[in-house]
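Welcome, and thanks for opening your viewer.

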Amino acid sequence: MLDALWERRALLVSGKGGVGKTTVAAALARAAVASGKRVLLAEVELASEPEDGPSPLAAMVGTRASGPSVTEVSPGLSFVRLSALEGQRLFLQEVLPLRLMADAAMRTRALRRFLEAAPALREMGVLFQMLHFIRRTRPDGSPLYPLCILDLPATGHALAIASLPDTLLSVMPGGPVGRAVREGLALLREPRLTGALLVTLPEPLPVSETLELSTAIQRHRIPIAAGVLNRMPENPFSPDGRAAVERLLGEHGPHLGQRALGRLDRARAAEARLVGNLPAPLLTVPELPAVGRELVDRLATHLTRPASPGAPSHAGAGVRP
Ligand SMILES: Nc1ncnc2c1ncn2[C@@H]1O[C@H](COP(=O)(O)OP(=O)(O)OP(=O)(O)O)[C@@H](O)[C@H]1O
Ligand SMILES: [Mg+2]
């Protein structure tokens, strides 16, 4: 299944706060590079952040890069921070006939205020900057970044991006802006090229929220590439072992271990619900006792190792159809 993900040009990593989007985006980027892809790992600069402030995503792949220019982190892996403003400049550059005009337009205070005012236009800046990187080619015409993995800051953001082209087209249906938006839309809605990755946790509420997000994203016709069930607890029990533990608990009354068993059961139920309700395959990512860059590297190794057929379903990264 990972190979199918790597075939795409853009993966939009989305999900609620704190579910592991940044960790998963970084680990997937590392895994894609390990399987021979050239990857641009991107994050969105929030308006509230200083332009050169520390980036959690950059730290997770071991670079201190910041700012809007692309940095090569390691062979095959590049990092960039997308900024709405830079994207809007590129957008104008494309739709206005001359670069000079675009620069002048961006310097116009009234236009800047207009661009900053509407959230849809801010999202457009991010989207357009990503499209710009996707389109870049090497001298031989092949894509400079065959795969772009975008770590989105929060669910609202993914939905804003998803709904954005319709919003924009309703305001400016024709002319060069409409054309540019339509071109972006075509890429965004083409399942062979783009896909959202919906990251979630193995608990009831996050799963419900993820299924809602899935419905909303599909309504905007953004393809869903996969669900990602992150922090799946390891299941140390064989069926017999589990039965023996249940028997012991039954005989000796409540025990702290019951909480761990409850968590395992909820995790399994969460997995079944996602498999049954998501319109895409589910990638299961284990919970590992590490943080930061070490966690990312270990998850990437886990994702790229060949699947062992006899392994218990909860012990590691696995794919459910
Ligand atoms: N598979 C995992 N195993 C263990 N810990 C994990 C795993 N995935 C994420 N974490 C931990 O969960 C926390 C949140 O992860 P992360 O920052 O990637 O989430 P996020 O969705 O990007 O958050 P935000 O919405 O704030 O951007 C971090 O402390 C991270 O180390
Ligand atoms: Mg994050």
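**Stop 1: around the ligand**

Begin with the shell of ligand 1, whose residues divide into six nonpolar, six polar and four charged. In that division Ala, Val, Leu, Ile, Met, Phe, Trp, Tyr, Cys and Pro count as nonpolar, Asp, Glu, Lys and Arg as charged, and the others, Gly among them, as polar.

Before you go further, note that this is a predicted model, in which local features need pLDDT of at least 70 and side-chain atom pairs count only at pLDDT 80 or more, while totals for chains, interfaces and linings use all residues. Residues are numbered from 1 along each chain as its sequence is written, chains are lettered from A and ligands numbered from 1 in the order in which they are written, and side-chain values use heavy atoms, with hydrogens and water left out.

Now select everything around the ligand: 16 residues surround ligand 1 (a residue is near a molecule if one of its heavy atoms lies within 4 Å of it). The closest are Gly-18, Gly-20, Lys-21, Thr-22 and Thr-23.

Then click on Arg-231, which places a polar side-chain atom 3.0 Å from an oxygen atom of ligand 1. Finish with Pro-286: here a backbone N or O atom lies 2.9 Å from a nitrogen atom of ligand 1.

Taken alone, ligand 1 exposes 640 Å², and the protein buries 73% of that (accessible areas come from the Shrake-Rupley method with a 1.4 Å probe; for residues, only the protein chains shown count as cover). To see which elements take part, colour helix H2 (21-34), strand S7 (224-232) and helix H13 (292-304), the elements that give two or more residues to the shell around ligand 1. H2 gives the most, with three residues. Helices (H or I, at least four residues) and strands (E, at least two) are DSSP runs, numbered from the N terminus.

**Stop 2**

Select Val-19 in the loop between strand S1 (10-14) and H2. Is Val-19 buried or exposed? Val-19 is buried, with a relative accessible area of 4% (buried means under 20% relative accessible area, exposed over 50%, partly exposed in between, with a 1.4 Å probe and protein chains only). Not counting residues up to four places away in sequence, Val-19 touches Val-199, Thr-200, Leu-201 and Asn-230; contact means heavy atoms within 4.5 Å.

**Stop 3: along strand S7**

Ala-226 lies in S7. At 0% relative accessibility, this residue counts as buried. Leaving aside neighbours within four places in sequence, Ala-226 is in contact with Met-1, Leu-5, Ala-196, Leu-197, Leu-198, Ala-280 and Pro-281. The C-alpha atoms of Ala-226 and Leu-197 are 5.1 Å apart, although 29 residues separate the two in sequence.

Return to Arg-231, which is also placed in S7. Arg-231 counts as partly exposed at 41% relative accessibility, and has a positive phi of about 65° although it is not a glycine.

Next, select Arg-221 in the loop between helix H10 (204-219) and S7. Arg-221 is not a glycine either, but has a positive phi of about 60°. With a relative accessible area of 56%, Arg-221 is exposed.

**Stop 4: Thr-284 in strand S8**

Thr-284 sits in strand S8 (residues 282-286) and counts as buried at 1% relative accessibility. Show side chains here: that of Thr-284 makes a polar contact with the side chain of Glu-271 (3.4 Å). A polar contact is a pair of N or O atoms within 3.5 Å; within protein, one must be able to donate a hydrogen and the other to accept it, and residues adjacent in sequence count only if both atoms are side-chain atoms. Val-228 is 56 residues from Thr-284 in sequence and 5.8 Å away in space, C-alpha to C-alpha.

**Stop 5: zoom out**

The chain has 13 helices and nine strands, and buried residues make up 49% of its 321 residues. Colour by pLDDT (the predictor's confidence in each residue, from 0 to 100): the chain averages 83, and 76% of the residues score at least 70. Over residues 312-317 the pLDDT is below 50; beyond near neighbours in sequence, this stretch has 20 contacts in the model.
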